[in-house]
Amino acid sequence: MRRSAQQGYAELSHHAPDGAVSASNTDFVNSRLHINDWGAVSSIPENDPAPHLRAASSSYLNHDGMRVDDGRYKAFLQDAAAVVPQPRIFTDPLHLLAYGSDASFYRLLPKAVIKVHNEAEVQGLLRLSQAHKVPVTFRAAGTSLSGQAVSDSIIISVGYVGKNFRRISIKDDGSQVTAEVGLLGGEVNKLLAGHARRHKLPISYRIGPDPASIDAAMIGGIVANNASGMCCGVAQNTYHTIADMRLLLADGTVLDTADESSRKAFLQSHGKLASALSGLAREVQGDPQLAGRIRAKYKIKNTVGYSLNALVDFPPDDPVTILKHLLVGSEGTLGFISSVTYNTVQEVHHKASAFVLFPDLYSACDSVRHLKSSGVASAVEICDYASLRLAQQEFVSLVAELGQAQEGAAGLLIEVKGETQQQLQQRIEAAQAALQASGVRFGGNAGAPLGLESYPFRINAAETKVFWDFRKGLIPIIGGSRSVGTSMMIEDVVCPVEHLAGMTADLTALFRECGYSDASAVGHALEGNLHLVFAQGFRTPEEVATFGRLMAGMADIVVHKYNGSLKGEHGTGRNMAPFVELEWGARATGIMKRIKAAFDPHNLLNPGVILNDDPAAHMQFLKPSPPAASLIDNCMECGYCEAFCPSRDVTITPRQRIQTYREITRLRGLQQPTQEQQQRLSQMEDTWQYDGDSTCAADGMCAVRCPVNINTGEFTKQLRTAAVDGLDAAAGAASASTSSAWGSRLAMMAANNFRLINGGVPLLLNTVDFFHGLLGPRLLEVVSGTLNKWTNHIVPVWNPYIPKGAKAVSAGLSSPQASELPTQAARATQSGIPRQVVFLPTCVNRMMGPARGDDRYSGSTLEVFTRLAEKAGYQVIVPQGVSGLCCGMMFDSRGAKKAAGLKAAEAITALSLASQMGKLPIVIDNSPCLAQLKSAGLNQQELKFSLYEPVAFTSLFLAPGLDFDKLPRSVALHVPCTSKQAPGLSEKFVALAEQCAESVTPTGIPCCGMAGDRGLRFPELTSSACQHIDLPSNVTDGYSTSRTCEIGVSNAAGLHFRSILFLFDEASKPKPGFRETAKELPQQQVGQDGKRPSLTTVHEAGGAGGGMTSV
């Protein structure tokens, strides 16, 4: 029987009377812990104010932990299959666990995860939610920090669902942008910047919010949490920069606030809701005391509760505008936001930063007050003494006497901007004047103060980057150094700037009193916004009780002593829901409950978030962080890695691999598991084989975005190694690799007979190509696809861009024996080719030739590089025995470490001999192979700075001797993952390509998902990773430095990609007179203008600054 709206909401609207037990005085010291079947920890206080919410029951109650399936979920899911295809409805244990956590420290296991592709599907699910009284929670990227993106009911996910929810429209001048909720905030800014460049606009724009997670957080979460950041403050957050919104109400009704007909239809169909909002606005505006409190609260950052400022900022007769602003920061509890239109803010390109030391926090905070009053600073970040101690040498060298700073010292990172250099200089001087006017001492030692001139504003981008990298890296540094088994916590409190010093001092003292010796205080000082960062465990009653005491003490200090906000930008979530009334008072909280009732009378939209009558809700379902493996134990589960993962749209992400493996490890370690736990472990291990292992490209791009540098791909390869070697049966059970020692023996057999593979693969490719020409592509695709399924993905799936076999490498190009090298060098000098380079044509390029129809393929990479090198006066040497050489990657990616090590050692030995122990530069034609050799470890010290991939070598060594003529065509560029991970190399790719073609367009994807041949054996991985390629129609061909990547991207883009060496060769010619000048320096690597610094300097420049990072 369905409950009435009043009955359904009664549970939520009840609140404790004055004097009742609340979140701030609930006793967690004498509490007991309850650990559920999924490992989540709950603290049951001795004076439990809501025991009925924690009692075991077979009856359904709309409260976390009490939503048992009384038949409603079964019925809901049956009906949902008619709205969303069954493959996108997940109920298996692994996916439930993967979506049971966000970036917070809460874990709630949903009954199902449903990935939606459009508004119609969301609308259908909302109607089912109403019909079956089943609560739903919306989730985008899951980077929320307060537990607002988890639920034990139904998760509706719009994050990483292919091209869906990713449309964007930019106004001609860039002043407005309409974006769907599945786009990353950073993506939107890049598209805005690209729009300005493409249309040569005088002004570039960006969205106002600038959270630290902007490259991982999606628009949906940024809006739903009213996220801000370092620079946007209050004035540029979503609430103040939103123009319009398209949303779905709880009953599935669509409202587009930019569309007049939609607004009229809403007012007609939902007059009761509109009237309620207008009535609330009149009521609040008619209460001067309440209206004044609301205005005062929103002068500072505040994301606790609903955006009550909407009731005072807009006239009561405009309920649509009120509604639109109430949705901002509502955390999915009032409706589903489909897209938003932002009024963008101008991007100012002239910037300067200074890092100023102070002897104590009070001096630093007093200076902030003066900077705030001056209005010239765009950002001011504060760092306490604990933070300053973490500074690296590069940062220390830029900040006067930082190394001698006394305990208690603090620092301010100050940024000013100007539309012109002149305006920037004026603002620098104004900021310095404001600092001087504060009258405080500067320097980290009160007994030896320094003048303000010791802390100049720096305009040099490299220097300011050091400052901001330090600030942004503080939280990762703290997170990476925490003890195993703990979670990293980030509290987010705000007060008026004039009280920042006192609040910081009081909170720091509270943390010390509670035993948090590792806590650091950093934050957005210009807004009075402080982040307290610390490690927290939930392993013992004492740890949990201490956390409860800390939360209560913090709430008391921030709210009662400093009239501040308990959350400035991280949202209320579950973390602060029990404290909403403490901060706002009964009157304002009552208004919030009436807002919730008007929008969601049955309490079905993300219940328990923002408003929660359980005073102990913030201490329930705490997420464990059990040790699993040393490579991943420091994972903070922040989700920053996910945007770069090629499997994000097809299976799971690096964060989810770690989350699920942690649970697999926990279940394996149980001494007396229940039958249900044993069954769940088995199911998770089975699902892991495909989702966790097989579709992991192991490309390492996750480490690029990871704040603590975790390479989940390397962890996956460790599991594959354990399975191949037969060392760990448990690891093998969770790995799709061969699970016994014969896999290792087979790999060694292949490694020892590699010449046979090198000669056999071209024959096989040529045979397949013959049938391609004879039968056409479709039949080969069908046959290979069938064989792929029958052989459990051993046989690759053929596509039209799989190449023919390559011709054998000419023996005449091989390097001489070591004893012949001096003689050959003399002959080379006499013949007018005084410079030499060792070139390794990797096995993939030795075995694979051109694809059918690739008319611009003009020889092997060796032949092309030889032509290119000769133009610049270089002779090419090929290592002896090249047909048997391999970097070992094909073995390493499958977990065959012994075979990989053998082949890497052979290759390094051959390269050492050919390069005269590193005296000659070495070029590896396939970028991933270079990375593999470096990761294998170079015992030969001499080779560390001698190895290059094609772009780095061409840029440093060949380009000075070449003239480039732009070819009259548009080309695409795909930078391989390993090259993206090399500092500055992506930029060199683009810069050199732009010298060779009229138009160059990067593919724009982080990784193609090929991962050697994995993308052929699991083509859905590459298809998913490459789906976001969007090239102009006039692009004719593409270039890269990875042969397998070229195959995958070619198939996705529908045009031929080949080595970028072909482009360099086609567009270049010898620079007149260069070779004659260079002839005077025999056996020398010549740099710019024919001049050559020392050999070591050249190699270091290429190896560290211009090529792959050195080992």
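Thr257 counts as buried, because its relative accessibility is 4% (buried means under 20% relative accessible area, exposed over 50%, and partly exposed in between, with a 1.4 Å probe and protein chains only). The model is a predicted one, in which local features need pLDDT of at least 70 and side-chain atom pairs count only at pLDDT 80 or more, while totals for chains, interfaces and linings use all residues. Residues are numbered from 1 along each chain as its sequence is written, and side-chain values use heavy atoms, with hydrogens and water left out.

Thr257 sits in the loop that links strand 11 (254-256) to helix 8 (260-269); here helices (H or I, at least four residues) and strands (E, at least two) are DSSP runs, numbered from the N terminus. Setting aside neighbours within four places in sequence, Thr257 is in contact with Asp244, Met245, Arg263, Val320 and Lys324, where contact means heavy atoms within 4.5 Å. Between Thr257 and Thr341 there are 84 residues in sequence and 9.9 Å in space, C-alpha to C-alpha.

An unreviewed UniProt entry carries the annotation "domain: FAD-binding PCMH-type" for residues 106-347; UniProt positions are given in the numbering used here, feature names are shortened, and annotations may be inferred rather than shown by experiment. The chain over residues 106-347 is 36% helix and 17% strand, with its end C-alpha atoms 37 Å apart.

Further along comes a pair of helices. Helix 13 (residues 361-374) packs with helix 18 (residues 500-513) at an angle of about 150°, and their axes are 8 Å apart. Axes are lines fitted to C-alpha atoms, for helices over the stretch in contact, and angles run from 0 to 180 degrees between N-to-C directions. Leu361, Tyr362 and Cys365 of helix 13 make the contact with Leu500, Ala501, Gly502, Thr504 and Ala505 of helix 18. By class, 6 of these residues are nonpolar, 2 are polar and none is charged (Ala, Val, Leu, Ile, Met, Phe, Trp, Tyr, Cys and Pro count as nonpolar, Asp, Glu, Lys and Arg as charged, and the others, Gly among them, as polar).

The buried residues of helix 18 are Leu500, Ala501, Gly502, Met503, Thr504, Leu507, Leu510 and Phe511. Their cover includes helix 13, strand 17 (487-494), strand 18 (520-524), strand 19 (529-536) and helix 19 (541-561). At 1.5 Å a residue, the 14 residues of helix 18 should span 20 Å, and this agrees with its end C-alpha atoms, which are 20 Å apart; the expected span is 1.5 Å times one less than the number of residues. After helix 18 comes Gly515, with a positive phi near 90°.

Most residues other than glycine have a negative phi. Asn603, however, has a positive phi near 55°; this residue lies in the loop between helix 20 (580-599) and helix 21 (654-669) and is buried, with a relative accessible area of 5%. His793 also has a positive phi, of about 70°, and belongs to the loop between helix 28 (777-790) and helix 29 (821-830). His793 counts as buried at 18% relative accessibility.

Thr712 is found in helix 24 (residues 712-725) and, at 3% relative accessibility, counts as buried. Not counting residues up to four places away in sequence, Thr712 touches Pro654, Arg657, Ile658 and Cys702. In helix 39 (residues 1019-1026), the buried residues are Leu1021, Thr1022, Ser1024, Ala1025 and Cys1026, and they pack against helix 38 (1014-1017) and helix 40 (1043-1053).
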